[in-house]
Every structure is written in structure tokens, then in C-alpha cells.
Amino acid sequence: MSLDDTGYTTPDGRTIGGVVMEMKNITLKFGGVTAIKDISFDIREGEIRAIIGPNGAGKSSMLNVINGFYHPQEGEIWYKGARRQAMKPHEIAYQGIARTFQNIALFNGMTTLDNIMTGRLTHMKSGILAQAIWKGAAEREESANRQKVEEIIDFLEIQSIRKTPVGRLPYGLQKRVELARALAAEPSLLLLDEPMAGMNVEEKEDMSRFILDVNDEFGTTIALIEHDMGVVMDISDRVVVMDYGKKIGDGTPDEVRANQEVIDAYLGVAHD
Amino acid sequence: MPEQLLWGMEAAINGLMAGVMYSLVALGFVLIFKASGIFNYAQGVMALFAALTLVGIQNGQVPFAHLINAMFGTEIHHFGWHVPALLAIILAAGVMVLFAIIVERYILKHLVNQEPIILFMATIGLAYFMEGFGDLMWGSDIKKLDVGLVQGINLTIDEVTYDWFGYGFYIDNLDISAAIIAAILVGVLVLFSQYTKQGRAMRAVADDHQAALSVGISLRFIWVLVWSIAGFVALVAGVMWGAKSGVQFSLSLIALKALPVLMLGGFTSIPGAIVGGLIIGMGEKLFEFTIGPMIGGATENWFAYMLALLFLVFRPQGLFGEKIIERV
């Protein structure tokens, strides 16, 4: 694999583009605790990029930095070729970054359909007054958005629960609805915080397939955090390994697997 | 038809009308509770403040007149103009929006992610502050509110019922207007929350702050929006109650009447607030009419609370509230 500004080609033949997001020397502190210490890495267009590490390594903090929930004390974030200024999380959504959460964060009172529709908010233009006055235009907009949502519902195979309030759904399906809501925003960068946490083997397989399909079908760039090493090594193109807030490895799954520091810190010593 | 039955019917209809007024107040509570999980203790005081502001603007009263006079030894009380009712209502609504912005900026913004009880305490503080502030701004005397709504007996109903039953029902015109205005208000609110993008965003914020942020919803904007709407509902309730019984500081106590309505209807349901208000309004009047004489009357003071207590025992989520399911 060669890395340059024009990208690279994966072993399975997909072409990865230029850098979408670059983190430069990010340091994040909470009072006296340093959650992230001088970390740099990049995410390329069309890539599935994983961030792994033991508990408390600072993975979720990193995702929250990308997402704008946390503001790093030091370092620069470059997004689509420009340095990003400190923004509020809801403004980040308008920049085309969508995410899911480690502990599912859905709108429990709403149906699956309504939940996914909220994902379209960044694509809705008409304001309150416009919706009251030009009802026609607002309706057209609503139905165009609705069509996109239906496509995603078909794609993730959740047609049967369209009208079900999400609070009643089993865990695995809730995770899938959350993914659907993030996808509905048609993000240029999709962040997944432990998309397979708490799932059984079958659900994990389904979720892996959906992540790969999303990447393949829509060309979505994906950054994900995951604990399940098998899954991470299977689906991701490049992996960042964190430990105690520091980056200890970065590269293809094979490179990471061979990295002695990573083996010591996370995978443990191999026993045959 | 026997006279007793006719009187009972009249009491029931009047009860329904009074119920609409309760619903109006309860509605303000439900809106804020649904959208932000805050039980807004200040809703009653907001109605009072809105009504005071409306009367003040209408009569061209100088805000803080007492304070200004005391400080500078002047004798100003009125600007000497009268603002037409409709313009005054629009201006008062504007003041309530301003109030919403201030509440968000100086209270809610600092309490993000706090426990509901903390936010509840904040609204108690807000209620006392506003009561004092309203007093300071507009004075504490009882004021008459006249926005051009017809008051007194509705003669058409009186005549029609007299022709049918040989007994004319006494229905107040003001109550009828209140019912119509409440119906329109509820209709608009339901349409807004179900069919607009801001309405959907409002429901989203009610469910999960983090998730709402992640899909691009600005919490601060939604809070200002919700408190503005609640302020507007408070204005409507304040106008109706003010027109009925004058604008006075006891107006803020109508909030207490809204509590049993909420327990009956459920804290999270707009239809619940309406139906709850109607049931309590009608139940109160009918109970007073049928049982009242046997036990010495004055049942209207406690009937609503007793009913609410029964509901708390047998159906704590209210008639329309979401059933509380705790996953274990």
C-alpha cells in the first residue's frame, strides 16, 4: 500500500481517494487528565478507518473531537482541505458529519420513520413561515426527503418496523435504526461508535455486512470504533491503535497485527 | 323535561366551558414538559405577567413607573396613549418571545444535562422572580382587561334553549370565545408539532439531547422556540382569565388548577391536557350540583385534587400519558 495525495488501492480492489479529514497533533485534557495526547492521523475518502484500543484509551473522546462535542486544547483539525474552526455540534452536522452512539441515542417516543426523518433535517430548507405560507413547496420538500428515507429503510431491511416506536424495538434493530438516521443525512464522513457493542454473533455479521454495503454502495467514508478485533480486522482498510491517550500504531490490519507495541498493549502475547 | 335535569345540563355545559380555561393553562405546562422534560412551575406566573404586560401596553402605562418616580421624584404614570387591542396583543407576544430568549440565555443554557429536579427548582425561582418583576414593572393594583371580547349571557343560546326546553341556559359569551380560541390554538399547535421540521426537531430534543445535536438541531434555538410558544399560550390563558376575573396577582394561582388536569390527562399529552381540563371542569360543576348540597357545598375547591389523587393511585401515567416502562 502506498500513501500519497491521490490515494491508494485496497487489496480487494477499491480505490481510496485523497484526505477528507486530518487530525494534527490533537491534545485533549479534562482538568488534569489528558484523554488524548498529541495524536495525528488522517481519514481518506471512501475509506473504512477504525480506531481501536483498550478501555479508556481515548477512542470515544477522539470521535467526540471529530464530532465537535469536545474541543481539543491543542492541535488542528483539517476537514475537506480547510482548517476547521471550533464549532458547535449541531453546526458540524451541517458540514456533513453524521454519527451513531455507543449507548444508543434514539428518539424513543418517535417511530422508526420519524427518527430517520430527523436525519434529513440538514437537507430541509424551508423555515417555519415558509412552511405555513407555501405549503406546496414544503410538502414537495418533505416528500423528496421521504423518498430518500424510504431508500435507506429498504437498504437496511427495516421495512417491517417503519411505524414502530423505536423504544419498543430490540437492541440490534435500534442500532440499525440509529445507523439509518445517520445515513439519512448523506454524510461525507460517518462516525460509528462501537456499532457492534452488545450484539450476538448473528447481529454482528449483519451489521458488518451493512457497514461494508454502505461503504460500497454510497461510497461513504466511515470512521469507526470497535472492540471486537475480528470484526475490525475484517472490515477496515486502515487502523489507528490508541493506548492511554497515545497513538501506538497506524496502518493496514496486517501491519497493525504485526506491530509489537500493539501486540503488547492490546492483543496480548500470542499463545499457540 | 324535569327542571333538575335541565339545571344539571346547564351546569355541565358551563363546566365544560370552565374546563377549556383549565386546559389552556395545562397546555402551557405540557408543551414545555414534552419538549424539554422541565416541569415549568412558572407557567401560571407567565400567564399573569403576559396579562399584566398586555394591559400595561394597552393603557400606555409607563413600565417601572413607581421605581422611576421614587428615584427621580417625578410623577409619571402614563404615556397618555391607548394602543389598539390587536397591536397590544402582538407587542405582548413579542415581549414573551424576548422573555423566552432571556430565560434560555441566562438560565437554561447553564443547566444543560442537569437533573430534571434542578431545572424544576430553577423554574420555581423564575416564578418568584417574575412575580416580583411584574409587580415592579406594572404595579400591583387590580386591572381590568378589555380586548373587545363580548361578555355576559349569550342571548341566542338562551332563546333557543328556552324554545326547546322551556328553560333558557345561561352561557357566557366569554366562555364561548375561550372555547373557540382554545380549539384554534390546539389545532395550530398539533399541526406545527406533527408537520413542520421545527416541530419534529422539538420532539427530538425532548427525547435525546445528544442525538438531537448530532443530526444538526440547535438545542438553544429549540428551547427559545418552545418557551416562546409556551409564553404565547400563557398570553392567551392570561387574556382569557384576565378578561373573566380582572388581572390580579391571584391569577398566578391558576397554575395550581392545572396540576390536577395534568395528572388526569398525563404530562406528555396535548389531547390529555384538553380532555383532562374538560373532565375536571365538568366534574367539578356536576359534583357541586349533585353532591354539593348534601355535604354543605364548596366542593369546587377540592374536587379536582381528589380526582387527581384517585388517578395517582390507579393510573399514575394519566389518561393519555406514556406508560412508564423501566427495562431491567
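Chain B of this predicted model has an average pLDDT of 87, with 98% of its residues scoring at least 70; pLDDT is the predictor's confidence in each residue, on a scale from 0 to 100. For the complex, the predictor gives an ipTM of 0.80 and a pTM of 0.81. Local features are described at pLDDT of at least 70 and side-chain atom pairs count only at pLDDT 80 or more, while totals for chains, interfaces and linings use all residues. As for labels, residues are numbered from 1 along each chain as its sequence is written, and chains are lettered from A and ligands numbered from 1 in the order in which they are written. Helices (H or I, at least four residues) and strands (E, at least two) are DSSP runs, numbered from the N terminus.

Chain A comes with a domain assignment, automatic or from a database: domain 1 covers 1–96 + 187–272, and domain 2 covers 109–181. Taken over C-alpha atoms, the centres of these two domains of chain A are 27 Å apart. Where they touch, domain 1 of chain A supplies eight residues and domain 2 of chain A supplies six; a contact here puts the C-beta atoms of two residues, placed from the backbone, within 7 Å. On the domain 1 side of that contact, the elements giving two or more residues are α2 and α7 (201–218) of chain A, and α7(A) has the largest share, three residues. That side of domain 1 divides into six nonpolar residues, one polar and one charged. In this scheme Ala, Val, Leu, Ile, Met, Phe, Trp, Tyr, Cys and Pro are nonpolar, Asp, Glu, Lys and Arg are charged, and the others, Gly among them, are polar.

Now for the sheets of chain A. One is an open, mixed sheet of six strands in the order β8-β9-β10-β5-β11-β12, where strands pair if DSSP finds at least two bridges between them. Its edges are β8 and β12 (246–251) of chain A, each pairing on one side only, and the average twist from one strand to the next is 20°. Inside this sheet, strand β9 (residues 189–193) of chain A and strand β10 (residues 221–225) of chain A run parallel over five bridges, with A:Leu189 bridging to A:Thr221 in β10(A). Helix α1 (residues 59–67) of chain A packs on the sheet and touches β5 (48–52), β8, β9, β10 and β11 (238–243) of chain A, its direction making about 150° with that of β9(A). Such angles run from 0 to 180 degrees between N-to-C directions, and axes are lines fitted to C-alpha atoms, for helices over the stretch in contact.

The other open sheet has four strands of chain A in the order β4-β3-β6-β7, with antiparallel pairing. Its edge strands are β4 (33–44) and β7 (82–83) of chain A, each with pairing on one side only. Strand β3 (residues 19–30) of chain A is joined to β4(A) by eight antiparallel bridges, and A:Leu28 sits opposite A:Ile36 in β4(A). Helix α1(A) turns up here too, lying across β3 and β4 of chain A at about 120° to β3(A).

Over in chain B, two helix pairs are worth a look. The axes of helix α8 (residues 197–207) of chain B and helix α10 (residues 219–245) of chain B come within 10 Å and cross at roughly 105°. The pair therefore counts as roughly perpendicular, a label covering 65 to 115 degrees, with angles under 35 degrees roughly parallel, over 145 roughly antiparallel and the rest oblique. On the α8(B) side sit B:Gln198, B:Ala201, B:Met202 and B:Val205, which meet B:Leu219, B:Ile222, B:Leu225 and B:Val226 in α10(B). By class, that contact has seven nonpolar residues, one polar and no charged ones.

Helix α1 (residues 3–36) of chain B packs with helix α11 (residues 254–265) of chain B at about 75°, their axes 8 Å apart, so α1(B) is also roughly perpendicular to α11(B). Among the residues making this contact are B:Tyr22 and B:Phe29 of α1(B) and B:Ile254 and B:Leu262 of α11(B). By class, the contact has nine nonpolar, two polar and one charged residues.

Between the chains, 25 residues of chain A are in contact with 18 residues of chain B. On chain A's side, two or more residues come from each of α2 (89–94), β8 (97–99), α3 (112–118) and α4 (128–133), and α2(A) gives the most, four residues. By class, this side of chain A has 14 nonpolar, eight polar and three charged residues.
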